[in-house]
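Trainee: I would like to learn how to read a model like this one. Can we take it feature by feature?

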Amino acid sequence: MSAVTQPMNPAKLVARQQLALQDADWVRWSLIAIAVSFIGLFICLPLGLVIVKALSKGVEAYWAALSEPDTLAAIRLTLLTALITVPLNTVFGVAAAWAITRFEFKGKSLLTTLIDLPFSVSPVISGLIFVLLFGAEGWFGDWLIAHDVKIIFAASGIILATVFITFPFVARQLIPLMQEMGSQEEEAALSLGASGWKTFCAVTLPNIKWALLYGVLLCNARAMGEFGAVSVVSGHIRGLTNTLPLHVEVNYNEYNIVGAFAGASILAGLAVVTLVLKTVLEWQQAKR
Amino acid sequence: MSILLSNISKNFGTFAALDHINLEIPEGELVALLGPSGCGKTTLLRIIAGLESADQGRVLISGQDRTDHDVSQRGIGFVFQHYALFRHMTVFENVAFGLRVKPRRDRPSNDVITKKVHALLELVQLDWLHDRYPDQLSGGQRQRIALARALAVEPAVLLLDEPFGALDASVRKDLRQWLRNLHHDLNVTSIFVTHDQEEAMEVASQVVVLNHGRIEQQGSPSDIYDHPANAFVSRFIGQTNIFDMEDQDTDWLQTAGLSTAHQKGKIVHVRPHDIVIEKSSANSDAFVTLKDWQHLGALIRIELVKTGANGPAASVYAEMPNDQFKRLHLNKGDKVDLRIRHAHWFH
């Protein structure tokens, strides 16, 4: 009369599945070949090409392109955007995940749906929304002009658009995890006399930290790489409102191949670093 | 410390989880809140703890109104069904948590904390596990650690939500006895929730039977077993045979010794061990046949079928000690005579 049925040992489960799912050799090898050649053709090859193109006129030309004031300004703006966006969305994401997994309130499912909105709307439309709100002809346009606040065609607009686009990453990582964990550990901490803040720091945060870092990482990668929404609100003013992705586009349109690909190589490098960190985080999560 | 609940009600939407509960628990008792699932027992426990708020009513702990106190300010210890140990902390840190989060002026020094935690771990006989993590422990060990953790803050009241619900049967048996002994040593007022009547009878000094958000009966285990207040309690506490005196042909019950002289209702409950069976003589006109039997350890449960001219066939269960049954030399299909020693009448 066992009250709990013991879950099957995961290793055993995998072994059993493997036996059941054993396909013929030719099926396995051709599937592997298709996957590998797809990744080679569509991911590795372009990535290599970015590096080759960036270095096509020698290392000096590459460094010259990178140390150009406009490029440096673009890198600075990109970093600034990420630096403001990522902490903001970390806080928003944790708050949203907390509200959704810990409280019962009316409109909760609506909120859950709205969190996904930036994922489901085309980034260009997200950008346009901000133009309609804060542009010269927009809803708040007159007020903003009267108070000399510049949002569209300025860094603040770029940051706003990026915050909107990257909002879901942290919340999306945390909600399923926090739902699965339940709130009993937190209730236990409260019953032991811990304050709400202490409970969050000492109990909740350590339990969600890997998922949180993972979300922050994805959020950061998108914040630095976002093109569509930022493109609409930026106005492409060289040295002022060009982020790195926009800078790459401008250079490419002007046939400055080395400049374009030098910028692209930084973004590609960022992607590789993100990928490595992501793998490390996933490995850490699996270890727990 | 004593607990007084006055007029507690709680609704979830239109569902009344608790309906005007009044309950007094004297100091030092070990009380079981017993009832079927959905009867409101866990909700009541969580309201006492402050993890849930009542729609109306007051919670008094040792005479002081704690209704508006936060869970962290109530001075309770709570033990969860699924342990709720902090999974990223060692056993030692789990037990130390309640002491470490005290405001600076009340916080004991590290030496004191270390001593106290080891003393508590000794108390639950698990000091040798102090540097393990919760997922390296068995269910029974986890629950004992959870209890040590709750005791660390010296709660006025210990609340346990189905503390043995997630454990294997054999571990559950051991821990019941252990909890009873621990309570005997510490004498802290404790309330535990259970849906297992056997567990409630075995562990508790007082049992509160709940159903549909109301208290059906409160009393000592033997009170509740011997004098059930109503048909629900009688049915819920242990096996019983139920006869409806209006629907059924009742002559055979009277033949079996059921006295209708003091009839106090139309429903009769007879516990299996209150039915004595004897082998009928060959030419008896007995209506009752032995159908089957099962071993329940020291007892035998005997399944009887009443047949006869009047009324439908009915199953009757009786229980008797093993050796007594053997002496009767009964076989399946034998006719038997019944004697009812005791019955409860309900409306």
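Trainee: How many residues lie between S4(B) and S5(B) in their hairpin, and which residue in the turn has a positive phi?

Mentor: This is a predicted model, so read every value as computed from it. For a hairpin, look at the two strands, then at the turn. S4(B) and S5(B) have two residues between them. Ser62(B) sits in that turn, with a positive phi of about 40 degrees.

Trainee: In which sense do S4(B) and S5(B) pair?

Mentor: The sense is antiparallel, over two bridges. Strand S5 covers residues 64–65 of chain B. For one bridge in detail, take Leu60(B): its partner in S5(B) is Asp65(B).

Trainee: Which other strand pairs with S4(B), and over how many bridges?

Mentor: Strand S1 of chain B, residues 3–12, pairs with strand S4, residues 56–61. That pairing is antiparallel too, over five bridges. Here Ser6(B) has Arg58(B) as its bridge partner in S4(B).

Trainee: What is the strand order in the open sheet of six strands?

Mentor: Read a sheet from one side to the other, strand by strand. In chain B the order is S6-S7-S8-S3-S9-S10, with mixed pairing. Strands S6 (76–79) and S10 (214–219) of chain B each have a single partner strand, so one side of each is left without a neighbour in the sheet. On average, neighbouring strands of this sheet are turned by 15 degrees against each other, direction ignored.

Trainee: How do S6(B) and S7(B) pair, parallel or antiparallel?

Mentor: Parallel, over four bridges, with strand S7 at residues 157–161 of chain B. Gly77(B) has Leu158(B) as its bridge partner in S7(B).

Trainee: Which helix lies across S6 and S7 of chain B?

Mentor: Helix H4 of chain B, residues 139–152. To place a helix against a sheet, compare its direction with a strand. H4 runs at about 170 degrees to S6(B).

Trainee: Now chain A. How many helices and strands does chain A have?

Mentor: Count the elements before looking at the outline. Chain A has 15 helices and zero strands. Along the principal axes, the C-alpha atoms of chain A fill a box of roughly 75 × 60 × 30 Å. Buried residues make up 32% of chain A.

Trainee: How is chain A divided into domains?

Mentor: Domain 1 spans 24–54, and domain 2 spans 58–287. Compare their centres, then their contact. The C-alpha centres of the two domains of chain A lie 29 Å apart. Five residues from domain 1 and eight residues from domain 2 make the contact. The domain 1 side has four nonpolar, no polar and one charged residues.

Note on methods. Residues are numbered from 1 along each chain as its sequence is written. Chains are lettered from A and ligands numbered from 1 in the order in which they are written. This is a predicted model: local features need pLDDT of at least 70, side-chain atom pairs count only at pLDDT 80 or more; totals for chains, interfaces and linings use all residues. Two strands pair if DSSP finds at least two bridges between them. Axes are lines fitted to C-alpha atoms, for helices over the stretch in contact, and angles run from 0 to 180 degrees between N-to-C directions. Two residues are in contact if their C-beta atoms, placed from the backbone, lie within 7 Å. A residue is buried if 20 or more other C-beta atoms lie within 10 Å of its own, exposed if 12 or fewer, and partly exposed in between; C-beta atoms are placed from the backbone. Domain bounds come from an automatic or database domain assignment. Ala, Val, Leu, Ile, Met, Phe, Trp, Tyr, Cys and Pro count as nonpolar, Asp, Glu, Lys and Arg as charged, and the others, Gly among them, as polar.
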